[in-house]
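Please look over the sequence and the model below before reading on, and keep both in view as you go.

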Amino acid sequence: MNFKLKHPLRTLLTGALALLPLAATLLLLSWLFSLLAVWLGPGSAFGQMLTGIGLGLTESEIIGYLLGLLLVVVLVYAFGLMVERGLEQGAARLLETILQRIPVVRTVYDVAQKLVGLLGRKEGAELQSLSPVWLYFGGKPQPDAANATTAAGAGKQGTAVLGFLSTPQAVMIGGVPYLGVLVPTAPVPVGGGLLYVPPDWVEPADIGMEAVTSIYVSMGVTSDQYLPKSAP
């Protein structure tokens with residue numbers, strides 16, 4: 001009798017757990033699409049601008065928005081062709097010269113330019129902008145502490161946090177060098193905190209951006225897929 005009562009509940013829980021990853025994926029994608037709709041949709045400031053461009057050709061707001069979006073895509077594609085052929089350098093220098101003469105716009109442009117520059121990776125550098133790094137609070141663990149299995153040896157290990165390097169070159173704070181490390185939040189790694197830590201606390205993580213994102217989105221569940229497993 002007890003088995004008959006428990007069996008439907010167990011089956012229901014089994015089905016719910018099996019569907020949980022799919023539900024979480026759909027929820028995250030829904031949140032992402034809603035965020036894009038707020039920023040780029042027809043009701044946003046950018047969307048209203050696109051709609052205004054397309055309304056000269058049609059009376060429908062939706063069709064006007066799509067036409068404006070198509071025009072922007074074509075312009076971006078054309079600019080991409082110019083960049084590939086190096087034809088935009090003169091125009092870029094002229095535009096930068098004009099923007100640098102406007103006080104408020106100059107500040108915003110400098111910040112945006114540096115943020116975009118963080119995505120660039122130069123060959124031969126040990127630590128790169130926005131590259132995955134390990135942040136060891138209290139300093140990197142010593143080899144004997146990392147391999148220790150006793151309680152006394154384990155006490156020598158610090159806390160390891162997975163993050164992104166934001167300042168490949170150390171900055172001076174109070175006369176002491178520091179590196180800036182972005183530490184995301186789980187399960188949505190678009191937020192987090194910016195920590196300035198001593199350089200000897202930071203070590204490159206031999207994993208890609210996709211791995212870091214997967215680990216944070218899964219709240220650490222996929223860690224064993226990208227990080228070495230401990231010996232039994």
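This is a predicted model: local features need pLDDT of at least 70, side-chain atom pairs count only at pLDDT 80 or more; totals for chains, interfaces and linings use all residues.

Residues are numbered from 1 along each chain as its sequence is written, and side-chain values use heavy atoms, with hydrogens and water left out.

The chain holds nine helices and six strands, where helices (H or I, at least four residues) and strands (E, at least two) are DSSP runs numbered from the N terminus. Of its 232 residues, 21% count as buried, a word that stands for under 20% relative accessible area, with exposed meaning over 50% and partly exposed in between (1.4 Å probe, protein chains only).

Helix H2, which spans residues 45–54, shows how buried residues can be arranged, for Gly47, Leu50, Thr51 and Gly54 are buried there. These residues lie on the same side of H2 because they cover an arc of only 100 degrees around the axis, the arc being that of the directions from the helix axis to the C-beta atoms. An α-helix has 3.6 residues a turn, so residues three or four places apart point the same way. On the face of H2 turned away from the buried side, Ala45 and Gln48 are exposed.

Which helix gives the most to the lining of the largest pocket? Helix H1 does, with ten residues.
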